[in-house]
Every structure is written in C-alpha cells, then in structure tokens.
Amino acid sequence: MSAPRTPLTNEIVYREAIKQFLPTNREEMEWRGWDELDVLLISGDAYVDHPTFGIPCLGRWLEKLGLRVGIISQPKWKDTSDFLKMGRPRLFVGVSSGTVDSMINNYTANKKKRTDDMYSEGGHGGKRPDYASIVYSTLAREAFPETPIVVGGVEASLRRLAHYDYWQNRIRPSILTEIKAEFLVFGMGERTTEMMVEQFKSAEAKIGGPVSLNHPATTEALDYIKTQRGIAYVASKDHARTLDSRLTIPSYEEVRDDKKKFAKAAYFIEYEASPYNGKRLIQYHGGKAAIINPPALPLSTEQMDTIYEMPFTKEQHPMYKNRIPAADMIRFSVNSVRGCYGGCSFCAITLHQGRIVQSRSSESVLKEVEGLTKISGFKGIVSDIGGPTANMFQTSCKSTEIQSKCRKLSCVHPKVCPQLQHDHSPQVDMLKKAKKIPGIRKIHIASGLRYDLALSDKKAGHEYLRELITHHVGGHLKVAPEHLDDDVLHLMKKPGLKNFDEFVDYFKEVSAEAGKEQYVVPYFISGFPGTTHDKMEKVYDYLKDKGWNLQQVQAFIPTPMTLATAMYWTGLNPMSMKPLYVAKEWKDRKIQQALLQPHKPEHREILKEYQREKRINLKSPEKATQHPKSRDLRTDQKTIVDVPKKKLGPKLFLDSR
C-alpha cells in the first residue's frame with residue numbers, strides 16, 4: 001500500500017518555486033541542504049534569472065561548475081548586514097554594479113536624479129548607490145576581511161583605466177585604485193571565472209578550509225590568476241616594469257592634466273582591444289600601476305551553446321511582489337550572439353563584450369525558442385532573437401591569420417571589409433525554421449539592425465531584409481542612423497545617408513508588397529562631439545524635406561572609456577588629433593535637441609530664440625530666414641516614422657530629460 005501523499009500547501013508551492021533559483025538568504029540555503037556557500041555574488045540589479053542579466057548568468061555558470069552559489073541583489077549599503085546574511089563563502093565574493101553603469105542608471109543625460117529604474121522592482125529608482133562597484137566592494141571587504149573579493153561587470157570593465165566621469169566632470173583614476181578587491185575581471189567572464197575557480201579550489205584544498213588571504217596557498221593562486229587574460233589589478237611600479245609584452249600609456253596624472261595625452265591614451269586603449277594581438281596595458285598612478293592584461297579569448301560556438309542552455313527560469317525571483325520592467329522586456333527574448341565589430345565610437349560593447357562576434361549554433365537557438373513555448377505566460381510571441389546587433393549571426397573574418405594580425409577598429413567602417421564573411425543565409429534559414437515551431441505565432445527582431453551590413457551582402461542580404469520586413473517587424477523596426485552629416489557619421493563610425501535612404505526605400509517597398517502598415521523608428525543622437533549647430537541643421541532640413549517628426553532622440557551621454565567620450569572631454573578627435581566643436585553648455589545641448597524635434601511645444605521657444613540670435617550674428621534678415629523656424633514639420637500625409645503611440649510601446653521611449 002503506497003504512503004499517503006503530502007497535501008500541497010502554499011508554503012510548499014512557494015518553496016519549490018524558490019528552489020528553481022539560486023539562494024538569496026539563509027533559509028533558501030537550508031532548503032537545499034547547504035550550510036555554507038562556495039561563492040557569494042553581489043548585484044546592483046534585482047534578481048532576474050535570465051542570461052541577459054550578468055550576475056544570474058555567472059551564477060548559473062558557477063553552479064554548472066559544481067559550486068554552491070548565492071546571490072544578494074541590491075543590498076542596503078549603510079552597513080554590512082545584507083552581505084552577512086548567508087555567511088562567509090569558501091572561495092570568493094563576486095561584486096557587480098549591475099547590467100549598466102550605476103551612474104547611467106541613477107542619472108539622466110542632463111544629470112538629473114532618476115526616479116525610475118528598469119532593473120528594479122516596480123521600476124522604482126534609488127535601489128543602488130552611486131559608483132556601486134566601489135561601495136559594494138568596500139562593504140564586502142568589511143564583511144569578509146579574509147576572503148578574496150573580485151569585481152566585474154560593465155561599470156568596472158569600463159572604468160579599469162583612468163577615465164572621464166561625466167557626472168563629476170573630471171578625470172577619475174582607474175577603479176582598481178578605489179575598489180577593495182584583489183583584482184577585476186573585465187569583459188564577459190565565463191572563461192576567466194572558470195580559471196579562477198580552479199585556482200581557488202586548489203588553494204582551498206591546500207588550506208583544508210575556506211580560502212584565506214593570509215595563507216600562502218591563496219597568495220600562490222592570486223599570483224597565477226594575475227598572469228591570465230581578462231584580469232586587471234593594481235601593483236607597484238617595480239612589478240609592472242618586470243612584465244613582458246606591455247604598453248605603457250600616459251599616466252593618470254598626465255591624462256588628468258593634459259587633454260592631448262588623454263586623447264592619446266584613449267586611442268591606445270581601443271587599438272589594443274583585440275584578444276588576438278592586444279598588448280598588456282600599464283598606466284601609472286603615482287607610485288602604483290594599473291595593469292590590464294589582454295582580453296579573454298572569444299568563446300567557441302560550443303561554449304556559447306553550453307552557457308545559454310543552462311536552466312534559466314526566464315523569470316524574476318518570487319520574493320518580488322511587483323514586476324521588474326526589464327524582466328518583462330527580455331523574458332521571451334533569445335540571445336544568439338555576443339560582441340560587435342561595428343566599432344561605433346560612442347558604444348562600449350567593444351571594450352566589454354569584445355570586437356569578435358561569437359554566435360550560437362542554429363540548433364541551440366531553435367531549441368531555446370521551442371523551450372519558450374513551455375514557459376507559463378508565453379503567448380506565442382518571441383520578443384527578439386539577436387544581441388548587440390540584429391544581423392551579425394554566424395558572421396566572422398574569412399581568415400584566422402588575418403584576424404590575428406588585424407587592428408582595424410571596425411569591420412564595417414568606412415566600408416564593409418572585404419575579408420568579412422557576412423553571408424546572412426544562416427540567419428535567414430534559422431528564422432524560417434523558428435517561425436515553424438509549434439506554438440510560435442510571431443518572432444520579432446528588436447535588436448538594432450545594421451542595414452549597411454545587409455545591403456552589402458550580395459548573396460543573401462536582400463533575402464534577409466525581405467524575411468525581416470515581411471515576417472519579423474512588430475509594427476515598427478528600430479534602426480539607428482544616429483546622424484545624417486557625413487563628417488559626424490565618420491566620427492561615429494556609422495554608415496552614410498545613402499545607405500539609410502536605400503534601406504528606408506526598400507522597407508517601404510517590401511512592406512507595401514506584404515500589405516502591412518509598418519514603420520521605421522530611427523534613433524538620432526543630439527550633442528554628439530563634432531556636431532555644430534550648422535551640422536544639426538542639415539538633419540533638420542532632411543527631416544523637413546521628408547516631413548518626419550522624430551519620436552526617438554537621445555542626448556549624447558559620455559560613457560566611460562569610449563572614443564566619443566574622449567572627443568567630448570578633450571575637444572579632439574583621438575584618431576587624428578584635430579580639434580572638434582563640442583556642445584557642452586546646457587543651452588547648446590537643448591538647441592541641438594530642439595533641431596531634431598522642432599514639433600515639440602517645449603522646443604518652439606528654444607528655436608525662436610536660436611533664430612533671433614542667428615539673425616543678430618549674421619546681421620542679415622534675408623540669411624536668417626534660411627535657418628530653422630519653430631514650427632511643426634508635420635504634413636497632412638502620414639510618414640514612415642509616424643508610429644502610433646499605441647503601437648510604439650513604452651520600451652522604446654528613450655530618456656531625453
């Protein structure tokens with residue numbers, strides 16, 4: 001006779017739901033039968049078990065390596081109580097500010113404090129401190145003085161050398177000199193973390209207990225780790241001078257005091273970013289040296305498949321009572337690639353995910369798409385298949401020998417490299433198979449499209465665009481021309497106006513053939529370095545001729561470590577050292593924003609004043625009439641960019657405050 005079944009209770013159901021996630025407190029550890037952790041991870045984001053979120057992805061990777069892992073999300077930073085609630089881990093504590101730099105997360109482009117946060121419960125801001133990597137690592141050191149502390153994530157990666165900080169309007173030193181950690185893991189960390197775990201487990205075995213900074217075995221492990229790719233650390237000048245294959249860039253003091261040397265350092269940082277030929281970078285800070293080893297090697301297709309096939313729930317942790325906006329945006333999306341070879345000067349992807357595109361196999365992507373049909377709440381709509389860019393899936397350099405020597409900062413600018421294999425056939429084939437999977441009603445492509453890349457693919461580029469426009473546009477398609485002046489586009493490393501016009505015409509043609517009312521949502525940046533008001537007026541004139549009223553405009557934000565940020569701070573092009581105009585004053589930034597969106601009521605007075613000042617400066621009313629007037633550009637006929645707001649969706653609205 002079988003034993004009576006234990007009746008289900010709310011408590012049991014909740015416990016089983018919780019056990020699908022990594023533990024977040026002592027009780028959840030006990031439910032798993034754990035009395036201690038091997039690794040404790042600290043994150044500035046709310047806990048969403050999805051590979052798009054860095055700490056949960058790393059946590060699953062460490063779990064796959066056989067470790068007991070706990071996650072503390074958005075801990076209080078007034079004291080160490082949240083850090084201590086799961087006890088001391090045996091191997092190390094990992095710290096990340098979250099998916100984005102905490103300052104970008106906490107402040108608008110105009111340096112106003114945000115009240116919202118898409119990575120927090122309910123979308124409410126204030127859940128993470130400014131410069132979170134520094135704050136969290138300091139508290140972790142206080143909580144666990146003998147345990148190795150490791151810092152990673154976007155914020156730390158992009159601040160690993162002396163950098164311009166937009167929010168303080170000054171040059172800050174390498175974050176290595178401010179965090180309380182043994183070293184920093186920059187870039188995507190799976191390879192580096194696996195090596196690190198091997199070393200710490202070896203030290204643990206020699207110690208016969210938790211890894212301790214006071215034990216020689218730990219010192220031995222740390223010394224080895226600091227020789228490896230993807231690792232950055234601070235050491236003495238004497239130590240730095242013993243290292244091979246190094247490039248010493250201008251010191252912190254030099255880049256702080258001399259803008260030309262800052263621009264020079266920015267160029268070297270980009271130039272040495274290749275994992276195949278980049279040198280170890282040394283930057284002196286007083287009597288210390290920030291040492292940046294070469295980037296980790298890219299992942300193979302098999303390794304990418306392994307990572308993205310880990311048992312993610314694709315859901316936020318049950319402890320939250322309200323939804324996390326970012327969780328809903330990406331819950332039913334599928335990552336197919338990492339990295340980007342576009343090399344846009346304002347983008348940090350090259351310095352974090354890398355310039356080498358790493359793709360999953362079609363089989364792995366299709367397996368994940370099929371798995372979405374089994375997730376509660378899925379209604380047959382895949383929100384995206386992509387990554388940093390929509391259409392770089394399974395594209396790469398034709399020659400590993402050439403790639404090992406190449407130092408180009410972009411594979412597509414000023415034109416697509418002849419050595420780039422960018423056949424879109426694998427992506428077309430994968431999308432056609434994906435939409436036939438039972439339970440799949442629609443697959444959207446929401447990642448940014450490189451239309452120049454597709455248009456240059458004579459084999460399957462138009463076939464890809466036709467497939468995309470006919471079957472994978474959810475009413476609107478995001479594209480990012482960013483600007484329309486050739487000089488500014490060259491500084492951005494973006495394709496020219498001819499490519500954009502060709503794409504828009506093709507989009508209209510194919511949409512009409514398919515009998516669909518579809519729109520293009522073009523993204524433009526105001527205030528980009530090198531953009532004079534006259535250059536922005538060229539965009540104004542183009543929009544006026546087209547009758548377009550833009551809905552998506554982003555004020556330029558100088559993010560740490562990018563070439564565009566170096567242009568903003570120095571007023572120089574780091575590639576040529578030629579001077580650039582930079583709109584830094586509030587008034588000039590608002591004028592440029594108004595020129596992109598003259599139809600907005602709040603911009604009309606700005607443009608009237610701008611026109612009046614131009615009339616005074618030109619001292620010629622006749623000439624002044626050639627310049628922008630504060631009037632609505634809308635014509636009676638609806639245009640390709642006039643997306644009804646109900647179709648646009650809140651996730652596409654960018655902050656322009």
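Tutor: Start at the side chain of Ser399. One of its polar atoms lies 3.2 Å from the backbone nitrogen of Glu401. That makes a polar contact, a pair of N or O atoms within 3.5 Å; within protein, one must be able to donate a hydrogen and the other to accept it, and residues adjacent in sequence count only if both atoms are side-chain atoms. This is a predicted model: local features need pLDDT of at least 70, side-chain atom pairs count only at pLDDT 80 or more, and totals for chains, interfaces and linings use all residues. Residues are numbered from 1 along each chain as its sequence is written, and side-chain values use heavy atoms, with hydrogens and water left out.

Ser399 sits in the loop between strand S17 (396-397) and helix H17 (400-405). These labels are DSSP runs, numbered from the N terminus: helices are H or I with at least four residues, strands are E with at least two. Ser399 counts as buried because its relative accessibility is 18%. Buried means under 20% relative accessible area, exposed means over 50%, and partly exposed falls in between (1.4 Å probe, protein chains only).

Now look around this loop. Cys397 counts as partly exposed, at 23% relative accessibility. Its closest cysteine sulfur is in Cys417, 6.5 Å away, so the two are too far apart for a bond. Cys411 is partly exposed too, also at 23%. The closest cysteine sulfur to Cys411 is in Cys406, at 6.2 Å, again too far for a bond. A disulfide needs a pair of cysteine sulfur atoms within 2.5 Å. By that rule, the count is zero.

His413 and Pro414 are joined by a cis peptide bond, with omega about 5°. Pro414 lies in the loop between H17 and strand S18 (420-421). Gln394 is not a glycine, yet its phi is positive, about 55°. Find Gln394 in the loop between strand S16 (384-386) and S17. Gln394 is partly exposed, with a relative accessible area of 30%.

Met577 has a positive phi as well, near 65°, and is a residue other than glycine. Its loop runs between helix H24 (563-570) and helix H25 (586-596). Met577 is partly exposed at 33%.

Move to another loop contact. Asn293 is in the loop between strand S11 (288-292) and helix H13 (301-308). Its side chain reaches the backbone oxygen of Gln228 at 2.7 Å. Asn293 is buried, because its relative accessible area is 2%.

Next, the strands. In a regular strand the side chains alternate between the two faces of the sheet. Take S21 (residues 519-526), where eight of its eight residues are buried. Tyr519, Val521, Tyr523 and Ile525 point one way, while Val520, Pro522, Phe524 and Ser526 point the other. Strand S20 (residues 476-482) runs parallel to S21, joined by five bridges. Two strands pair if DSSP finds at least two bridges between them. Glu482 stands opposite Phe524. Strand S22 (residues 553-555) also runs parallel to S21, over three bridges. There, Ile525 stands opposite Gln554.

S4 (residues 149-152) is covered on both faces. Ile149 and Val151 lie on one side, Val150 and Gly152 on the other. S4 pairs in the parallel sense with strand S3 (residues 92-96), over four bridges. Ser96 has Gly152 as its bridge partner. S4 also pairs in the parallel sense with strand S7 (residues 183-185), over two bridges. Val151 partners Leu184 there.

A cavity is a set of points, on a 1 Å grid over the protein atoms alone, where a 1.4 Å probe fits but cannot get out; its lining residues have an atom within 4 Å of a point. Grid points are joined across faces, edges and corners, and a volume is the space filled by probe spheres set on the points. Six cavities reach 30 Å³ or more.

Terms used:
On a 1 Å grid over the protein atoms alone, a cavity is a set of points where a 1.4 Å probe fits but cannot get out, and a pocket is an open set with protein on both sides within 12 Å along at least five of seven lines; lining residues have an atom within 4 Å of a point.
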